[in-house]
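Work through the exercises below with the sequence and the model side by side. Try each task before reading its solution.

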Amino acid sequence: MGCAGSSQAKQEDGVKKIRKPKPWKHAQPITMAQLTQMRDEFWDTAPHYGGQKEIWDALRGAAEADVSLAQVIVDSAGVIVTTADLSTCYDERGAKYELPKYVLSEPSNLIRDN
């Protein structure tokens, strides 16, 4: 009964610890303004694909927060994280929420505005 058992118990419950997404590259280099527009369009339309607006709002907050705060947000909202980078999650009713990588992190070929 030590610390080693606590991580096993957490994994058995199906709770995944959130981590930063793996680096990725957009098909074409994009600017921060273009990335922001893509993200805004996704978050504006996401609730129309199903699920609860409150869960989508929590996922947006988690996606825009640092890893430790993101963990608190999803835990508080009752989100079931099935991929540690938040790309696939479920709510307590079983609704699936899929997040594209561009809302979770910046591409490696992002054009920095000067």
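## Exercise 1: The pocket and the fold

Helices H3 and H4 each supply at least two residues of the lining of the largest pocket. The model is a predicted one.

**Task.** Give the volume of the largest pocket and name the residues nearest its centre. Then set out the secondary structure of the chain.

**Solution.** 

Step 1. Start with the volume. The largest pocket comes to about 280 Å³.

Step 2. Turn to the lining. It consists of 16 residues. Lys20, Pro21, Ala63, Ala65 and Leu104 lie nearest the centre of the pocket.

Step 3. Count the elements. The chain has 5 helices and 5 strands. Read along the sequence, their pattern is α-β-α-α-α-β-β-β-α-β.

Step 4. The chain has 114 residues, and 30% of them are buried. Take the contacts between residues at least 6 apart in sequence: 59% of these join residues at least 24 apart.

## Exercise 2: The nonpolar core

**Task.** Find the residues with the most contacts inside the largest nonpolar core. Which element gives the largest share of this core?

**Solution.** 

Step 1. Size the core. The largest one has 19 residues. Those with the most contacts inside it are Trp43, Trp56, Leu59, Val74, Leu86 and Leu99.

Step 2. Assign elements. Two or more residues of this core come from each of helix H2 (32–45), helix H3 (53–63), helix H4 (67–77) and helix H5 (101–104).

Step 3. Pick the main contributor. H3 gives the largest share of this core, 5 residues.

Step 4. Set aside neighbours of Val74 within four places in sequence. Val74 then contacts Ile18, Leu59, Ala62, Val79, Val81 and Leu86.

Step 5. In soluble globular proteins, nonpolar side chains tend to be buried together.

## Exercise 3: A loop residue in the core

**Task.** Locate Leu86 in the chain. Is Leu86 buried or exposed? What is its phi?

**Solution.** 

Step 1. Leu86 sits in the loop between strand E2 (80–81) and strand E3 (88–90).

Step 2. Apply the cut-off. Buried means under 20% relative accessible area. Leu86 has 3% relative accessibility, so it counts as buried.

Step 3. Check the backbone. Phi of Leu86 is near 75°, a positive value in a residue other than glycine.

Step 4. Connect with the core. Leu86 is one of the residues with the most contacts inside the largest nonpolar core. Val74 is among its contacts.

## Exercise 4: Aromatic pairs

**Task.** Describe the geometry of the Trp43 and Trp56 pair, then that of the Trp56 and Tyr97 pair.

**Solution.** 

Step 1. A pair of aromatic rings is described by the distance of the centres and the angle of the planes.

Step 2. Count the pairs. The whole structure has 5 aromatic pairs.

Step 3. Read the tryptophan pair. Trp43 and Trp56 are 6.5 Å apart, centre to centre, with 70° between the planes. An angle over 60 degrees counts as edge-to-face, and the Trp43 and Trp56 pair is of this kind. It links distant parts of the chain: Trp43 is in helix H2 and Trp56 in helix H3, 13 residues apart. Both Trp43 and Trp56 are buried.

Step 4. Read the second pair. Trp56 and Tyr97 are also edge-to-face, at 4.9 Å centre to centre and 70° between the planes. Here Trp56 in helix H3 is linked with Tyr97 in strand E4 (residues 96–98), 41 residues apart. Trp56 and Tyr97 are both buried.

Step 5. Phe42, Trp43, Trp56, Tyr97 and Tyr102 form one aromatic cluster.

## Exercise 5: Salt bridges

**Task.** How many salt bridges does the structure hold? Which residues do they join into one network through shared partners?

**Solution.** 

Step 1. Side chains of opposite charge can pair when their charged atoms come close.

Step 2. Count. The structure holds 5 salt bridges.

Step 3. Take Arg112 and Glu106. Their closest N and O atoms are 2.9 Å apart. Arg112 is exposed at 56%, and Glu106 is partly exposed at 31%.

Step 4. Find the network. Salt bridges with shared partners join Asp40, Arg60 and Glu64.

Step 5. Inspect one link. Glu64 and Arg60 meet at 3.0 Å, N to O. Glu64 is exposed at 56% relative accessibility. Arg60 is partly exposed at 27%.

Step 6. Lys96 is partly exposed, with a relative accessible area of 44%.

Methods: Residues are numbered from 1 along each chain as its sequence is written. This is a predicted model: local features need pLDDT of at least 70, side-chain atom pairs count only at pLDDT 80 or more; totals for chains, interfaces and linings use all residues. Side-chain values use heavy atoms; hydrogens and water are left out. A salt bridge is a side-chain nitrogen of Lys or Arg within 4 Å of a carboxyl oxygen of Asp or Glu. Buried means under 20% relative accessible area, exposed over 50%, partly exposed in between (1.4 Å probe, protein chains only). A nonpolar core is a set of buried Ala, Val, Leu, Ile, Met, Phe, Trp, Tyr and Cys residues joined through side-chain atoms within 4.5 Å. Helices (H or I, at least four residues) and strands (E, at least two) are DSSP runs, numbered from the N terminus. Contact means heavy atoms within 4.5 Å. Rings of Phe, Tyr and Trp (its six-membered ring) pair if their centres lie within 6.5 Å; planes under 30 degrees apart count as stacked, over 60 as edge-to-face and the rest as tilted. On a 1 Å grid over the protein atoms alone, a cavity is a set of points where a 1.4 Å probe fits but cannot get out, and a pocket is an open set with protein on both sides within 12 Å along at least five of seven lines; lining residues have an atom within 4 Å of a point. Grid points are joined across faces, edges and corners, and a volume is the space filled by probe spheres set on the points.
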